[in-house]
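Good morning, and thank you for coming.

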Amino acid sequence: MKDAIRVGMAELKVARAPGKVISLGLGSCVGVCAYDSAEKVGGIAHVMLPSSAMAGEGAIPAKFADTAVPLLLEEMKQLGAVLNRITVKIVGGAQMFISSANNDSLNIGAKNIQAVEATCEKAGVPIVGRRVGGHNGINVTLDLDTGEVQVKTMNETYIV
Amino acid sequence: MFNFEGLGHQQLDVLKEVGNIGAGHAATALAQLLRERIKMTVPNATIVPLAHVSDELGGAEQLVVCIYMRVFGDAPGKILFFFSQSDALELLDRVLERQPGTTQSFGDLEMSALKEIGNIMTGAYLYAMTILTGFNHLSSVPAFACDMAGAILNTAVLLDLNLLENYALLIETQFSLPEYLLSGHFFLVPDPSALEKTLNALGLKT
């Protein structure tokens with residue numbers, strides 16, 4: 001088996017089967033896992049923040065929900081995926097830090113989830129699976145042969 | 001617009017020295033609290049692309065405990081303390097004066113004790129910064145996380161992030177209690193605006 005393709009924070013990568021795409025260390029970031037099962041083309045965007053509106057020039061598109069999702073779909077299309085066959089699974093968006101101050105700025109995860117959902121709806125791709133929120137960081141693996149998304153927390157493993 | 005990519009060696013050296021002085025005060029505060037000798041390494045100042053931040057603690061999947069504090073004031077930024085999970089439990093045995101091996105999990109009392117250690121060390125760090133630069137600093141209430149290192153680092157970097165930054169500047173010092181084989185990591189993550197001000201205050205042009 002060839003090595004899995006790694007997606008760092010604020011990156012997105014797409015590929016065709018066989019193989020796996022993995023992203024480590026999603027805390028309040030959201031992993032957008034898109035897949036076309038007929039073409040077996042898929043990819044992950046490791047989204048950090050909800051909106052690029054304030055970012056201006058020079059920002060990395062994969063960093064923001066509103067720019068990452070369209071780019072992810074576009075790169076998949078270039079590999080042969082067809083837009084109306086692409087489905088999305090979303091993972092991550094946790095609130096990692098616990099503080100006695102009721103501080104909204106610590107919970108960027110919830111805003112990231114909302115922004116990814118809104119952008120997927122706008123792009124017309126259905127969200128067919130999710131494991132979002134909570135307080136745990138995760139590692140996520142997308143299997144390009146099956147479209148299966150595996151989510152690992154420090155104690156458990158889930159299939160989405 | 002000032003950005004991290006433009007920092008030269010001399011500027012990084014000055015930031016390391018800032019980290020050294022701050023972390024020295026913080027380590028002294030911990031030494032006084034524990035009544036133990038504490039060793040410190042020379043700090044590292046590294047500019048890391050966001051995609052590689054999760055590897056900075058020697059592996060994204062390591063289980064660690066983190067205390068996070070936001071720094072407000074003239075030179076804003078973030079301060080992070082990391083301990084491995086086992087070292088954090090051992091440190092708690094020491095601080096709470098329990099028999100070694102007693103503390104097994106992080107309940108309210110344990111979290112609170114670790115946060116207070118973070119508070120004390122951050123206070124000492126910021127005091128040193130204030131003496132050095134003349135700036136005012138205030139720190140937020142500490143926040144606690146126990147999880148995989150990659151997820152914590154990524155999240156800590158993006159909290160209150162300047163949207164333009166594609167890199168993070170991490171000023172890291174390791175400290176250890178040799179008698180207990182305990183060690184921890186201390187990170188200062190300055191905001192870009194703070195960097196420019198800090199370097200200017202120390203007589204370096206940016």
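Predicted model: local features only at pLDDT ≥ 70, side-chain atom pairs only at ≥ 80, totals over all residues.

**Two loops in chain A**

I start at A:Pro18, which sits in the loop that joins β2 (12-16) and β3 (20-26) of chain A. The peptide bond leading from A:Ala17 into A:Pro18 is cis, with omega near 5 degrees. A further loop, between β4 (30-36) and β5 (41-47) of chain A, holds A:Lys40. A:Lys40 is a residue other than glycine with a positive phi, near 55 degrees. As background, most residues other than glycine have a negative phi, and most peptide bonds are trans.

Residues are numbered from 1 along each chain as its sequence is written, and chains are lettered from A and ligands numbered from 1 in the order in which they are written.

**The two chains**

Chain A has two helices and 11 strands; helices (H or I, at least four residues) and strands (E, at least two) are DSSP runs, numbered from the N terminus. Their order from the N terminus on is β-β-β-β-β-α-β-β-α-β-β-β-β. The radius of gyration of chain A, 15 Å, is close to the 15 Å from the globule rule for 160 residues, so chain A is as compact as a globular protein of that length. This radius is taken over C-alpha atoms, and the rule is 2.2 Å times the number of residues to the power 0.38.

Chain B contains five helices and eight strands, in the pattern α-β-β-β-β-α-α-β-β-α-β-β-α. Its C-alpha atoms fill a box of roughly 55 × 35 × 25 Å, taken along the principal axes.

**A helix pair in chain B**

How do the axes of helix α2 (residues 85-95) and helix α3 (residues 108-133) of chain B cross? They come within 10 Å and cross at roughly 90 degrees; axes are lines fitted to C-alpha atoms, for helices over the stretch in contact, and angles run from 0 to 180 degrees between N-to-C directions. α2(B) and α3(B) are therefore roughly perpendicular, a term that covers 65 to 115 degrees. In this contact (heavy atoms within 4.5 Å), α2(B) supplies B:Ala88, B:Leu91, B:Leu92 and B:Val95, and α3(B) supplies B:Glu110, B:Ala113, B:Leu114 and B:Ile117. Seven of these residues are nonpolar, none is polar and one is charged; Ala, Val, Leu, Ile, Met, Phe, Trp, Tyr, Cys and Pro count as nonpolar, Asp, Glu, Lys and Arg as charged, and the others, Gly among them, as polar.Thank you; I welcome your comments.

Terms used
Heavy atoms only, no water. Parallel < 35°, antiparallel > 145°, perpendicular 65-115°, else oblique.
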